[in-house]
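Please read each point alongside the coordinates.

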Amino acid sequence: MTTQAVTATIGNGRMSKIFGGTVTDGVWTNIQDTLSSTNLGILIPRAPVNFVQAEYTAGLMAWRIQNAQSLKVSRRGWGAIDGNSCYKSAGIPTYAIGADDMIQVYAQPVDSTSAKSNALAWVTTTKGVELYQALAVADGTATAMTTALQSQTFGDAAFNSTLTQLSICLEDGAALDKVEFIDSAGGVVLTIQGDDRIPNDSKGGGTSAYYNLMVPSMNLMVTKGFAMKITTKSA
């Protein structure tokens, strides 16, 4: 399995701490303070934070703040490629760090095969928030996304819930043509167009360094057999 160096700067307008390390791609990994090798909750318990600037070396990355005891996830988001983070875009609703909190990251590399891309998605339903992925997505081929941990289909994982929010991130340089939601009969229920992600090698377009698509409000009922498929174009 591949590895890469990552960092996450967490803080507010008065202070910040840098967490980082070398992580294995495709695995949720706890990263610690770069100076003291201490977990987030032990280092700054009860501190209010309102930004997380997470960066990775190459590919794409999701992050989350999770309680080590209850496993509750309080905040989550995307990383940017090293040197391309935006303070304003990295803002989060103010959150007081708990004593058992950890900052964790889930990275994937740039796919090594020509005309293929890796993708992640934060999917929010009335059941909760789940990280999805699709690996080695061939250009121009509609490909289903499944949960990152259990590899469940969208219809199985989100069955009998309502999709309320969606964010998709592709590897560096890749473009999201569209995402489609397909019912059990093969009918396309909903199509949403995507975008490039900054930086995109002067190809033009792109509105974010963190994601290719952000849909802040949705109301899609999910039934058995539903699929969420993306169509992409590699760098």
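1. In this predicted model, Glu 180 and Lys 178 form a salt bridge whose closest N and O atoms are 3.6 Å apart. The two partners fall into separate burial classes: Glu 180 counts as buried because its relative accessibility is 11%, under the 20% limit, whereas Lys 178, with a relative accessible area of 24%, is partly exposed. The structure holds three salt bridges, and the other two are taken up in the next points.

2. A salt bridge also joins the side chains of Arg 197 and Asp 172, at 3.2 Å from N to O. This pair connects distant parts of the chain, 25 residues apart: Arg 197 belongs to the loop between β16 and β17 (213-215), and Asp 172 to the loop between β14 (161-170) and β15 (175-182). Arg 197 is buried, with a relative accessible area of 3%. Asp 172 also counts as buried, at 18% relative accessibility.

3. Lys 224 and Asp 156 meet through their side chains in a salt bridge of 2.9 Å, N to O. Because Lys 224 lies in the loop between β18 (220-222) and β19 while Asp 156 lies in helix α2 (residues 154-157), the pair ties together parts that are 68 residues apart in sequence. Asp 156 is partly exposed, its relative accessible area being 36%.

4. Which residues make up the aromatic cluster? Trp 28, Trp 78, Tyr 106 and Trp 122 form one such cluster. The structure holds six aromatic pairs. One of them is formed by Trp 28 and Tyr 106; it is tilted, with 5.5 Å from centre to centre and 50 degrees between the planes. The pair links distant parts of the chain, 78 residues apart, with Trp 28 in the loop between β2 (16-24) and β3 (29-33) and Tyr 106 in strand β9 (residues 101-108). Both Trp 28 and Tyr 106 are buried.

5. Besides its place in the aromatic cluster, its ring has the charged end of Arg 64 over it, 3.9 Å from the ring centre.

6. Is Ser 117 buried or exposed? Ser 117, found in strand β10 (residues 116-125), counts as buried because its relative accessibility is 1%, under the 20% limit. Neighbours within four places in sequence left aside, the residues in contact with Ser 117 include Asp 111, Ala 134, Leu 135, Ala 136, Val 137 and Asp 139. Also among its contacts are Glu 171, Ala 174, Thr 232, Lys 233 and Ser 234.

Note on methods:
Residues numbered from 1 in each chain as written. Predicted model: local features only at pLDDT ≥ 70, side-chain atom pairs only at ≥ 80, totals over all residues. Heavy atoms only, no water. Phe/Tyr/Trp six-rings, centres within 6.5 Å; stacked < 30°, edge-to-face > 60°. Helix = DSSP H or I, 4+ residues; strand = E, 2+ residues; numbered from the N terminus. Buried < 20%, exposed > 50% of the residue type's maximum accessible area, 1.4 Å probe, protein only. Lys NZ or Arg CZ within 6 Å of the ring centre and 35° of its normal. Contact = heavy atoms within 4.5 Å. Salt bridge = Lys/Arg side-chain N within 4 Å of Asp/Glu carboxyl O.
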